[in-house]
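Hi,

Here is the structure I said I would pass on. Have a look at it first, and my notes on what turned up follow below.

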Amino acid sequence: MLSDKIKIINLPKIIDDRGNLSFFEGGNHIPFQIKRCYWIYDVPGGEVRGGHAYKELEEVFVALSGSFDIILNDGVNEHKVSLNRSYYALYVPKMIWRHIENFSTNSVCMIMASEKYNEADYIRDFDQFKDHANKR
Ligand code: TYD
């Protein structure tokens, strides 16, 4: 099942009157060694990011600020995860189609990735993704 493949990770939260602190470590809280981190910000209202899958890449999403919805599809089922706290992380394995929508004003979506950027690892056509996913 799709919901068994993805995972919400509860990150450590150090509560402090001066401001809270959360963290993660590659290979510890995050189930892979992080090779890349990127973030999506200044998203105009109503815009959608993503709309692709990766053949090999694993990713972890954190809503550093604000909120957004991640819509996931494994070729059979669809599942929506809303991220709105900076101490939750969403792990998404390879071969899951995803897009991100419903960004709140000033939201920041940070993504940790298991590999460096590689356009050849992207599947950008949903029908091609479904064919690929259903042959596995
Ligand atoms: P992309 O992953 O296609 O974003 P989206 O699916 O939301 O449109 O990335 C957009 C562009 O940014 C892509 O053409 C290449 C560049 N890019 C990098 O150079 N390095 C990266 O780590 C990422 C994620 C994107």
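Strands β7 and β8 (residues 78–83) pair in the antiparallel sense, with six bridges between them. Bear in mind throughout that this is a predicted model.

As a reminder, strands of a sheet pair through backbone hydrogen bonds, in either a parallel or an antiparallel way.

How many of the six residues of β7 are buried? Six of the six are, so strand β7 (residues 68–73) is largely enclosed by the rest of the structure. Phe68, Ile70 and Leu72 point one way from the strand, Asp69, Ile71 and Asn73 point the other way, and all are buried. So Asp69 and Asn73 are buried along with the rest, given that six of the six residues of β7 count as buried.

Leu72 is worth a click. This β7 residue has a relative accessibility of 0% and so counts as buried. Leaving out residues up to four places away in sequence, Leu72 touches Leu2, Ile6, Asn77, Glu78, His79, Val81, Leu90, Val92, Ile96, Trp97 and Arg98. For a sense of scale, the C-alpha atoms of Leu72 and Ile14 are separated by 30 Å, with the two residues 58 apart along the chain.

Now the other sheet. Which strands make it up, and in what order? This one is open as well, with five strands in the order β1-β9-β6-β11-β4 and antiparallel pairing. Its edge strands are β1 (7–10) and β4 (36–40), each of which pairs on one side only. On average, neighbouring strands in this sheet are turned by 25° against each other, ignoring direction. Within it, β6 (residues 59–65) and β9 (residues 88–92) run antiparallel and are joined by four bridges.

β4, β5, β6 and β10 (97–101) are the elements that give two or more residues to the lining. Which of the elements gives the most? That is β5, with four residues. By residue class, the lining of this largest pocket divides into eight nonpolar, two polar and five charged.

While you are at β5, check Arg49, which is found in this strand (residues 49–54). Arg49 is partly exposed, at 45% relative accessible area. Setting aside neighbours within four places in sequence, its contacts are Ile40, His99, Ile100 and Phe103. Arg49 and Ile123 are 14 Å apart in space, C-alpha to C-alpha, and 74 residues apart in sequence.

Most residues other than glycine have a negative phi. Asp42 is not a glycine, yet has a positive phi of about 55°. Asp42 sits in the loop between β4 and β5 and is exposed, with a relative accessible area of 64%. Asn102 is the other case, with a positive phi of about 60° although it is not a glycine either. Asn102 is found in the loop between β10 and β11 (108–113), and its 53% relative accessibility is over the 50% cut-off, so Asn102 counts as exposed.

Cheers

Methods:
Residues are numbered from 1 along each chain as its sequence is written. This is a predicted model: local features need pLDDT of at least 70, side-chain atom pairs count only at pLDDT 80 or more; totals for chains, interfaces and linings use all residues. Side-chain values use heavy atoms; hydrogens and water are left out. Two strands pair if DSSP finds at least two bridges between them. Axes are lines fitted to C-alpha atoms, for helices over the stretch in contact, and angles run from 0 to 180 degrees between N-to-C directions. Buried means under 20% relative accessible area, exposed over 50%, partly exposed in between (1.4 Å probe, protein chains only). Contact means heavy atoms within 4.5 Å. Ala, Val, Leu, Ile, Met, Phe, Trp, Tyr, Cys and Pro count as nonpolar, Asp, Glu, Lys and Arg as charged, and the others, Gly among them, as polar.
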